[in-house]
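The following exercises are to be worked through with the sequence and the structure in view. Each task is followed by a solution in steps.

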Amino acid sequence: MLLNRQMVFLYVTLAVSVGYLVTALSLGAPIAESGLTPAFFPILVGAAAIVFCSVLILQALRDRPEPAPEDAIRSYTHLWVVVAIFLYIVAFKPLGYFLSSSLFVFALILLFSNFEKLVLKAIISVAIVGVAFVMFQQLFGVRLPTLWG
Amino acid sequence: MDFVFLVFSSFSLLADPVNLTYVILGFVIGTIFAAIPGLTATLAMALLLPLTYTLSVETALMACASIYMAGMCGGSITAITINIPGAPSSMMTALDGFPMQQKGKGALALGHAALGSMFGGAVGALLLIAVAPFVAELSLLVKTTGKFSLLAFALIVVVIAQRGRIPQAGLAACIGLMLATVGLDAMEPITRFTYGYSSLTAGIDLMPVIIGTFAIAEVLTQASARIDISAAAAAAANKVKIRRRDFLPPLSEIRKIGFGCYFKSCLIGYFVGTLPGAGGSMGSFLAYTETVRNSSEPETFGKGNPQGIAASESANNAVCGGAMVPMLTFGIPGDPITAIMLGVLVINGIQPGPQLMADQAGLIAPMLAALLFSAVVLIPLTLWLIGPYFIKIVSVRKDVLYAVIALLAVVGSFVATYSTFQMFMALGMGVLAFYLRRNGFPVITMLLGYILGPNLEEFLRRSLALSNGDPTTFVTNPDSLFFVALTLVFVYFLVIRKPANTPGTAKAK
């Protein structure tokens with residue numbers, strides 16, 4: 001199969017490696033009269049990455065992948081976690097630590113469990129955020145953004 | 001000798017309530033993280049890394065040392081009681097520990113594990129204290145070309161140590177090296193791979209790399225896991241009853257295990273620890289294998305022989321001392337935890353390397369004192385005081401646990417620069433590390449590539465500049481030639497020569 005999950009990862013890595021090598025080549029000649037230039041090492045690393053990628057792609061194409069069981073359930077929770085972290089970072093300064101963190105922790109608790117006992121989970125979220133605030137701001141002197149400045 | 005006195009005089013710092021609190025807190029947190037299957041002491045240290053900004057360097061390093069020691073022995077708790085190693089280094093402990101638990105001797109097995117850990121940790125720390133100053137003096141003899149060959153040796157060994165997945169390890173190392181090249185060039189005023197983002201001019205900070213690689217990637221891994229072992233582990237844990245009085249191993253059993261077994265396992269663990277990328281699991285595996293090989297009754301291993309527990313735990317705790325040798329003397333971390341310790345030094349403006357032991361001995365000595373203190377005092381004390389309750393920590397709610405880890409990780413990455421850019425960077429690194437892990441790529445090689453990359457490049461360019469571009473300089477300089485030869489020896493033993501099969505360890509493979 002040309003496009004299973006591992007192959008996609010390898011193709012993306014190969015594309016990034018090629019992009020890296022092209023950028024490295026654009027830095028100039030790898031060797032000058034004074035010795036090695038800033039382009040030399042990245043060219044070496046980019047080329048090595050492409051070689052390793054190619055070896056892995058060839059290995060994957062040669063070996064037949066194990067067929068996935070038909071009843072296997074695909075989990076996409078990790079993608080939702082990535083989205084939650086992204087939105088949390090975006091909202092961190094505008095909404096302040098308390099509001100953004102409470103929503104973030106609540107969302108993660110739901111993602112790692114189910115949509116039951118929402119009130120209890122909301123209370124746990126606020127408690128966690130409060131304890132973390134005390135730890136960061138009071139104990140370790142870290143200034144966290146708040147809505148009141 | 002001065003350094004040894006300095007270390008022992010540093011024990012007075014442990015009388016300071018603040019230092020003692022952080023050392024004890026670090027040990028307890030390290031034990032909890034190591035005991036919970038899926039979590040590691042590395043994750044604990046990654047989460048606590050941002051907090052080291054607000055601590056003195058001595059206190060931060062002392063806390064790191066106690067987390068490290070706790071991380072190596074904490075995994076044995078669940079390995080013995082419910083047959084789920086809390087940490088990879090306790091995998092071999094489960095082979096004999098769980099059968100003892102099934103025979104009703106679980107507490108005794110925990111006692112043997114604590115004794116082995118205590119002995120291994122103490123011997124490892126003492127060897128480190130005795131050997132590190134000499135290695136540091138020797139390291140001063142290594143010149144520029146030798147430094148390049150040494151770094152290349154470390155990186156190559158980390159890659160080839162991943163038997164069966166060398167191309168994956170090689171690619172991961174290249175990704176780490178790519179990340180290391182982002183930002184201002186070390187020798188010329190040129191920015192590379194910043195693509196117009198001024199935030200990248202100073203390069204990619206170590207903090208988001210560590211938090212992303214170990215904390216965020218772990219949360220994503222757990223989120224994508226289809227099998228939740230925590231429920232099964234909690235159910236098993238609730239059935240286990242442990243009494244304090246059963247912890248003490250009888251003298252007759254200790255004599256039967258033999259001082260030789262403890263000491264040999266310590267030496268194996270210590271020397272394995274000095275190798276980059278080897279880690280506690282390899283140390284305990286080799287020590288266990290050697291003990292089985294030398295035993296007059298090898299058929300009893302895997303069925304509840306305390307000697308197996310003693311060998312495994314002595315070795316994995318001795319690894320702590322060994323892994324610090326290359327980190328302190330050459331700035332080469334032996335495993336992820338020493339990589340984070342290196343991060344603590346770097347974020348406090350201290351340059352690890354050959355001069356570290358000479359210039360900053362006053363900072364390093366308390367850390368080694370804390371390592372020894374953790375092994376000799378905290379391991380037995382923790383087991384005695386809270387051992388009977390530790391098994392219950394696997395019952396902790398997974399949803400709350402991972403929400404807390406994610407919160408600490410993301411907010412922690414904000415602490416360094418008070419910028420959301422670092423938070424995005426940590427998320428990016430977490431996603432990268434998650435997909436690397438998911439596809440069988442060892443992230444430790446990526447991390448070492450990232451950490452060693454800048455020096456590797458700098459020493460390569462300086463070496464060739466000094467030799468007017470002559471590459472034979474790497475084999476004509478004796479220090480460099482030594483490391484080139486050492487690399488070839490390791491390539492022979494790890495890649496070309498096939499490993500021998502040892503009976504009695506089949507279950508661990």
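**Exercise 1: The surroundings of one serine**

The side chain of Ser314(B) reaches the backbone oxygen of Ala310(B) at 2.6 Å. The model is a predicted one, and the distances in these exercises are computed from it.

Task: Determine in which helix Ser314(B) is found, and whether Ser314(B) is buried or exposed.

Solution. 
1. Locate the residue in the chain: Ser314(B) belongs to helix α14 of chain B, which covers residues 306-330.
2. Consider the polar partners of the side chain. Besides the backbone oxygen of Ala310(B) at 2.6 Å, the backbone oxygen of Gly116(B) lies 3.4 Å from a polar atom of this side chain.
3. Leave aside the neighbours within four places in sequence; Ser314(B) is then in contact with Gly116(B), Ser117(B), Gly120(B), Tyr262(B), Ser265(B) and Cys266(B).
4. Classify the residue: the relative accessible area of Ser314(B) is 0%. Buried means under 20%, and therefore Ser314(B) is buried.

**Exercise 2: A helix and its packing partners**

Task: Compare the span of helix α1 of chain A with the expected value, and state which helices its buried residues pack against.

Solution. 
1. Helix α1(A) runs over residues 5-25 and has 21 residues.
2. From its first C-alpha to its last, α1(A) reaches 30 Å, close to the 30 Å expected at 1.5 Å a residue.
3. List the buried positions: among them are Met7(A), Phe9(A), Leu10(A), Tyr20(A) and Leu21(A).
4. The buried residues of α1(A) pack against α2 (40-62) of chain A, and also against α8 (166-180) and α19 (420-438) of chain B.

**Exercise 3: The interface between the chains**

Task: Describe the interface of chain A and chain B by its contacts, its buried area and its salt bridges.

Solution. 
1. Count the residues: 64 residues of chain A are in contact with 61 residues of chain B.
2. The two chains bury about 5400 Å² between them, and 81% of this area is on carbon and sulfur atoms.
3. Count the polar pairs: 6 residue pairs are in polar contact between chain A and chain B, with both residues at pLDDT 80 or more.
4. Identify the contributors: α1, α2, α3 (77-112) and α4 (118-139) of chain A each supply at least two residues of the side that touches chain B. Of these, α3(A) gives the most, with 19 residues.

Technical notes
Residues numbered from 1 in each chain as written. Chains lettered and ligands numbered in written order. Predicted model: local features only at pLDDT ≥ 70, side-chain atom pairs only at ≥ 80, totals over all residues. Heavy atoms only, no water. Helix = DSSP H or I, 4+ residues; strand = E, 2+ residues; numbered from the N terminus. Buried < 20%, exposed > 50% of the residue type's maximum accessible area, 1.4 Å probe, protein only. Polar contact = N/O pair within 3.5 Å; in protein donor to acceptor, adjacent residues only side chain to side chain. Contact = heavy atoms within 4.5 Å. Expected span 1.5 Å × (residues − 1). Buried area = accessible area lost by both parts, 1.4 Å probe. Salt bridge = Lys/Arg side-chain N within 4 Å of Asp/Glu carboxyl O.
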